[in-house]
Amino acid sequence: MAASFMLRYSFLSPPSPQLHHQSPPKSNPTIHFINPIKATASTNDAIIPPQKHRRPADENIREEAARRPTSSHNFSARYVPFNADPSSDEWYSLDEIIYRSRSGGLLDVQHDMDALKKFDGQYWRSLFDSRVGKTTWPYGSGVWSKKEWVLPEIDSDDIVSAFEGNSNLFWAERFGKQFLGMSDLWVKHCGISHTGSFKDLGMTVLVSQVNRLRKMHKPVVGVGCASTGDTSAALSAYCASAGIPSIVFLPANKISMAQLVQPIANGAFVLSIDTDFDGCMQLIREVTAELPIYLANSLNSLRLEGQKTAAIEILQQFDWQVPDWVIVPGGNLGNIYAFYKGFMMCKELGLVDRIPRLVCAQAANANPLYLHYKSGWKDFQPVKANTTFASAIQIGDPVSIDRAVFALKNCDGIVEEATEEELMDAMAQADSTGMFICPHTGVALTALFKLRNSGVIGPNDKTVVVSTAHGLKFTQSKIDYHSKEIKDMECRFANPPVEVKADFGSVMDVLKKYLLSKNAKH
């Protein structure tokens, strides 16, 4: 007991979050999206673009950014209770360490939309487009190129970034045509990122804010998360870059070695715990309530601010044209809300005039949102998540269930599911057309197959499937599939190597047979 007491109080205990009351409210704490108000800004308020010049050889890009003239904007953001009653006056500074509202509900990051609306949609489109492909700190990042919409008050020197984002929007021409009869199918490869998953988009925001808090001498010794793999990889990498200790709770024997080795290689303190993700999540919540460890899971709404930039980026890559559908794999369910929030901010601020319909795709072995949707959104019930090849979404009690339901209801969204055989077959089909996707993307593609076959998605609908992780993290599942070593799975699209004797005649016979089979198809 004494040791426990000393450990708990050897650090400064986080102070109680300061509950702020607005009089009058700065802006409505509930997310309300209304028709955009276009306005031009005064010269004094305009964001000053970096001037073109050669940086001195002895100056790095942070130092260059520090001497750039700063704009006089008054953009700001704060925590508010998620989907609160319009009369609520509860809000908190982003510099406070708090994860839930006074009532125990989720928090959301609310931006001062009135300040952002001083600039019209054309201004924002031009500003964001001007930053693409540059190395100007921090705007070379796909996240921080939208800094005013993410963490507007953070100093650029506090930002921890690997220039994440700006990921490939791939025209899946052959896959769409051959398997779905679609002409306008796209795959947003968020897994082509610093640590191999979309989690980098949110983690750069969270770790940057932690970096700021530590410089402010807030009681944050390290950052911790519960993870099914990708979150821990992103957290450990960004913390290592900033020199901040990271602590990772992983469910034992439930993630791939490629995912496990990333936090280990990046110097994280890794605890392999004999439970599932939900059990790890419960433990990390309890631990962060007692020790000065900052919680990095998507219960923390800061990460969603980075993840929402993927939605903005899709619009940007389509030259600000809105797709008809966006399909997102869902586990803890923060990402589907993040995409919704990104699209809605663009609509409210006048960059676009509508938003796409969203589809959340779940593994049938971990499908609480799907069951909730099929029940007509009645009485959500967590489930016991069973093992799935889509390990990152093997979650039965998602933290962001309320966020996901809110998003889907407000965009006429759909929820679909994929069995293990369906998701693995879809992954193999996609790979056969030149992609190399993860099982979670296989879940999303299965949802697309089902909606296309039912006629919900049309052959000419502009559709984006979000690929959340790199296929190289899941090579063992691909090996097992193509070796036909998965129990009770036919593996219809397996492509195992052909064993042949080391002589010319045998090789020629095999090749002739192969070439004849290919020629017959053309």
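**Close-up 1. Helix H12 is largely enclosed by the rest of the structure, because 14 of its 15 residues are buried.** Buried means under 20% relative accessible area, with exposed over 50% and partly exposed in between (1.4 Å probe, protein chains only). This is a predicted model: local features need pLDDT of at least 70, side-chain atom pairs count only at pLDDT 80 or more, and totals for chains, interfaces and linings use all residues. Residues are numbered from 1 along each chain as its sequence is written, and side-chain values use heavy atoms, leaving out hydrogens and water. From its first C-alpha to its last, H12 reaches 21 Å. That is close to the 21 Å expected at 1.5 Å a residue; the expected span is 1.5 Å times one less than the number of residues. Gly 350 follows H12 and has a positive phi, near 85°. Helices (H or I, at least four residues) and strands (E, at least two) are DSSP runs, numbered from the N terminus.

**Close-up 2. The largest nonpolar core has 107 residues.** Trp 149 and Tyr 294 have the most contacts inside this core. Helix H12 (residues 334-348) supplies its largest share, nine residues. A second core of 37 residues is separate and includes Ala 428, Phe 449, Leu 451 and Ile 457. A nonpolar core is a set of buried Ala, Val, Leu, Ile, Met, Phe, Trp, Tyr and Cys residues joined through side-chain atoms within 4.5 Å.

**Close-up 3. Four strands form an open sheet in the order S9-S8-S7-S10.** The pairing is parallel. Strand S9 (269-273) and S10 are the edge strands, each pairing on one side only. Neighbouring strands of this sheet are turned by 25° against each other on average, direction ignored. Helix H6 (residues 199-215) packs on the sheet and touches S7 and S10. The direction of H6 makes about 145° with that of S10. Axes are lines fitted to C-alpha atoms, for helices over the stretch in contact, and angles run from 0 to 180 degrees between N-to-C directions. Five bridges join S8 to S9, and Val 248 has Val 270 as its bridge partner in S9. Two strands pair if DSSP finds at least two bridges between them.

**Close-up 4. Strand S7 (residues 222-226) is mostly covered, with five of its five residues buried.** Gly 222, Gly 224 and Ala 226 point one way from S7, and Val 223 and Cys 225 point the other way. In a regular strand the side chains alternate between the two faces of the sheet. Three bridges link S7 to strand S10 (residues 293-295), where Leu 295 is the bridge partner of Gly 224. Four bridges link S7 to strand S8 (residues 246-251), where Phe 249 is the bridge partner of Ala 226.

**Close-up 5. Lys 188 is buried, with a relative accessible area of 0%.** Lys 188 is found in strand S6 (residues 185-189). The C-alpha atoms of Lys 188 and Val 466 are separated by 4.8 Å, yet these residues are 278 residues apart along the chain. Contact means heavy atoms within 4.5 Å. Not counting residues up to four places away in sequence, Lys 188 touches several residues, including Glu 313, Gln 317, Val 466 and Ser 467.
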